[in-house]
Amino acid sequence: MSALSSLLVQDQILTVTQVEQALQRQVIFGGDLATNLLELGLINEDILVDYIGRVVRQPVISRDVLETIDHRVVRMMPWNVVNERRVVPVRVHGNTMVVAAASPPPSGALDEVSFLLGVDIAPHLVLEFRLAMALNRYYGIRIPARLAALQRRYARDFIPDQPP
């Protein structure tokens with residue numbers, strides 16, 4: 001069992017059977033554990049993202065923040081960088097740009113971006129389908145079908161493929 005699944009069971013958010021169900025689904029369909037848990041409807045997304053942040057010891061970004069990113073910040077990071085690195089710039093504080101990511105980037109993965117933009121990069125976590133929505137909203141990047149199904153379930157008012 002992963003650290004996330006263990007903590008969810010330990011805190012009695014999920015049962016062992018529910019975690020096993022999600023893990024079996026993950027083996028068959030792929031994707032991360034969080035996506036599989038949401039697809040099965042086993043956990044509230046706010047609780048899930050909180051637990052993910054605790055497990056990986058990184059801050060998380062709420063869905064409300066992702067819906068109201070300043071377009072000046074969005075324009076700071078080029079489409080090709082966003083598409084390749086799968087991050088969305090959220091805000092700039094001083095010399096630090098906070099970016100949304102679905103998982104902690106590998107060490108050094110954002111160093112080139114940091115150098116290019118002249119800012120330090122601070123990754124914050126979001127659920128994979130929320131990141132896909134932000135990539136679509138701000139950069140016009142298509143939402144994969146699997147994540148679009150979650151978007152339709154959890155964010156019915158979102159209209160995909162309509163970048164500003």
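**Entry 1: Ser 114.** The model is predicted, so I keep that in mind throughout. I began with Ser 114, since I wanted its surroundings. Ser 114 touches Val 119, Asp 120 and Ile 121, leaving out residues up to four places away in sequence. I looked up its element: Ser 114 lies in helix H8, residues 111–117. Buried or exposed? Ser 114 has a relative accessibility of 19%, and the cut-off for buried is under 20%, so Ser 114 counts as buried.

**Entry 2: the nonpolar cores.** Next I turned to the packing. In general, nonpolar side chains of soluble globular proteins tend to be buried together. Here the largest nonpolar core has 28 residues. Which of them touch the most other members? I noted Leu 8, Leu 37, Leu 48 and Leu 127. Then I checked where this core draws its residues from. At least two come from each of helix H1 (3–10), H2, helix H3 (33–39), helix H4 (45–56), helix H9 (128–139) and helix H10 (145–154). A second core is separate and has 27 residues, including Val 87, Val 126, Ala 134 and Ile 141.

**Entry 3: Leu 37.** I picked out Leu 37 for its contacts. Beyond its neighbours within four places in sequence, Leu 37 is in contact with Leu 8, Leu 14, Ala 22, Leu 42, Ile 43 and Leu 48. Two of these partners, Leu 8 and Leu 48, I had already listed among the members with the most contacts in the largest core.

**Entry 4: helix H10.** Which residues of H10 are buried? I found Leu 147, Ala 148, Leu 150 and Gln 151. I then looked down the axis of H10. The buried residues fall within an arc of 160°, so they line one face of the helix. H3 and H9 are among what covers them.

**Entry 5: Gln 26.** I moved to helix H2, which holds Gln 26. Its relative accessible area is 23%, so Gln 26 is partly exposed. With residues up to four places away set aside, Gln 26 touches Gly 31, Asp 32, Leu 33 and Asn 36.

**Entry 6: the end of H2.** Helix H2 spans residues 16–29 and includes Phe 29. Phe 29 counts as exposed because its relative accessibility is 53%. What does Phe 29 make together with Val 27 and Ile 28? The three make a nonpolar surface patch of about 380 Å².

Note on methods:
Residues numbered from 1 in each chain as written. Predicted model: local features only at pLDDT ≥ 70, side-chain atom pairs only at ≥ 80, totals over all residues. Heavy atoms only, no water. Patch = residues over 30% accessible without salt bridge, like charges linked within 9 Å, V, L, I, M, F, W, Y side chains within 5 Å. Areas by Shrake-Rupley, 256 points an atom, 1.4 Å probe, with all protein chains shown as cover. Salt bridge = Lys/Arg side-chain N within 4 Å of Asp/Glu carboxyl O. Helix = DSSP H or I, 4+ residues; strand = E, 2+ residues; numbered from the N terminus. Buried < 20%, exposed > 50% of the residue type's maximum accessible area, 1.4 Å probe, protein only. Contact = heavy atoms within 4.5 Å. Core = buried A, V, L, I, M, F, W, Y, C linked by side-chain atoms within 4.5 Å. Arc of directions from axis to C-beta.
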